[in-house]
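Hi,

Here is the structure I promised to pass on.

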Amino acid sequence: VARDGGVSVPGAGESRRLVGIGLVAGVLSALLGVGGGILVVPALTVLLGFPIKVATGTSLVAITATALTGAAVYGLLGYVDVGSALLLGIPAAAGVLLGAQLQQRLSGDTVQIAFAAFLVAVAGALLVQA
Amino acid sequence: MSVVLEIAATGVAAGFLAGMFGVGGGILMVPAMVLLLGFSQLDAQATSLAAMLPALGAGALRQRHFGNVRARAAVTVGACSLAGVGFGTVLATSLPEPVLRVLFSILLVVVAFRLLWEVRGRRRAPLAQEAPGLPNLPVPEGPAPDRVGSGL
């Protein structure tokens, strides 16, 4: 179990947790049709102590992998409507700049409280569907 | 308001959630496509994955500019979630989805309270906890104790 002193590999424990977070997020997004971000952000914050803004930024990069792969697979199978994807996606690219800019102006605590409220809202939406 | 405008407005809102909360925004885009465009759930989910790509890319660059991206962590989580999706797809056929939704909703509410509790803790101890983001110091796992005897 002994590693190389943890010098060249910073935090073996952190790596294990990151692997676990990714696996669970992937399984749940496949089971429930929710994106992984809703789980990745609080997991990085609560389990690894990431500041909330770093957790959201890191999550955006992490979930790009699943979104890209999913879009490619579904696209090849003919399920992706490209016109609608562009009609949603281009305005969303503008919206993300607004959201990130606002987030940067707010304190970490404020972002974290708002995120908690967002989680409760998503929980409500899931219950309505259930 | 025409449907085109409503869809575009949904896109802006979904992107805002991506920038603010680090999610893809499918939570808004999927129901919008089902309700406004008459898409099936599968078509809407598939299309939402493509639709969130421009926002994910722009948002990732913006957040990197703000210093909010830890690349190694993102790559590890992203790669492992791909494996998880494969596993989840196999599981999906054998588990009752409504039950999962209820359980997941409860989990989200618990996590929300946990996050609020953290903020409350920081506000109560403003100076003593000035560096609350510091992770626990790693405990050395090296073989040092064994060396003591064998080195003689």
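**What I found**

The buried residues of α3(B) are covered by, among others, α3 and α4 of chain A together with α2 (26–37) and α4 of chain B. In that helix, which runs over residues 41–51, the buried residues are A44(B), A46(B), T47(B), S48(B), L49(B), A50(B) and A51(B). Before you read on, please keep in mind that this is a predicted model.

**Helix α4 of chain B**

Which of its residues are buried? They are A55(B), L56(B), G59(B), A60(B) and Q63(B). These cover an arc of only 130 degrees around the axis, so they sit on the same side of α4(B). Their cover includes α3 and α4 of chain A, along with α1 of chain B. On the face turned away from that buried side you'll find the exposed residues L61(B), R64(B) and H65(B). Just after the helix comes G67(B), which takes a positive phi of about 80 degrees.

As a bit of background, nonpolar side chains in soluble globular proteins tend to be buried together. Here, the largest nonpolar core has 41 residues, and the members that touch the most others are I38(A), L44(A), F115(A), F118(A), L119(A), F104(B) and L108(B). Two or more residues each come from α1 (12–32), α2 (37–48), α3 (52–76) and α5 (108–129) of chain A, and from α1 (3–21), α5 (71–92) and α6 (97–124) of chain B. The largest share is that of α5(A), with eight residues.

Leaving out residues up to four places away in sequence, F104(B) touches L28(A), L32(A), V34(A), I38(A), L39(A) and L126(A). Apart from this core lies another one, of 24 residues, including L88(A), V96(A), M29(B) and V30(B).

**Chain A overall**

Chain A has five helices and zero strands, giving the pattern α-α-α-α-α along the sequence. Its C-alpha trace spans about 55 × 40 × 30 Å along the principal axes. Of its 130 residues, 48% are buried. Taking contacts between residues at least 6 apart in sequence, 51% join residues at least 24 apart. Chain A exposes about 5,500 Å², and carbon and sulfur atoms supply 68% of that.

How confident is the predictor about this chain? The average pLDDT of chain A is 89, and 92% of the residues score at least 70. Among its elements, α1(A) has the lowest mean, 89, while helix α4 (residues 82–105) has the highest, 98. Where does the score stay under 50? That is the case over residues 1–9 of chain A, for which the model has four contacts beyond four places in sequence.

**One glycine in chain B**

Lastly, G86(B) sits in helix α5 of chain B. Is G86(B) buried or partly exposed? Its relative accessible area is 39%, so it counts as partly exposed. The C-alpha atoms of G86(B) and P31(B) are separated by 24 Å, with the two residues 55 apart along the chain.

Cheers

Technical notes. Residues are numbered from 1 along each chain as its sequence is written. Chains are lettered from A and ligands numbered from 1 in the order in which they are written. Side-chain values use heavy atoms; hydrogens and water are left out. A nonpolar core is a set of buried Ala, Val, Leu, Ile, Met, Phe, Trp, Tyr and Cys residues joined through side-chain atoms within 4.5 Å. Buried means under 20% relative accessible area, exposed over 50%, partly exposed in between (1.4 Å probe, protein chains only). Helices (H or I, at least four residues) and strands (E, at least two) are DSSP runs, numbered from the N terminus. Contact means heavy atoms within 4.5 Å. pLDDT is the predictor's confidence in each residue, from 0 to 100. The arc is that of the directions from the helix axis to the C-beta atoms. Accessible areas come from the Shrake-Rupley method with a 1.4 Å probe; for residues, only the protein chains shown count as cover.
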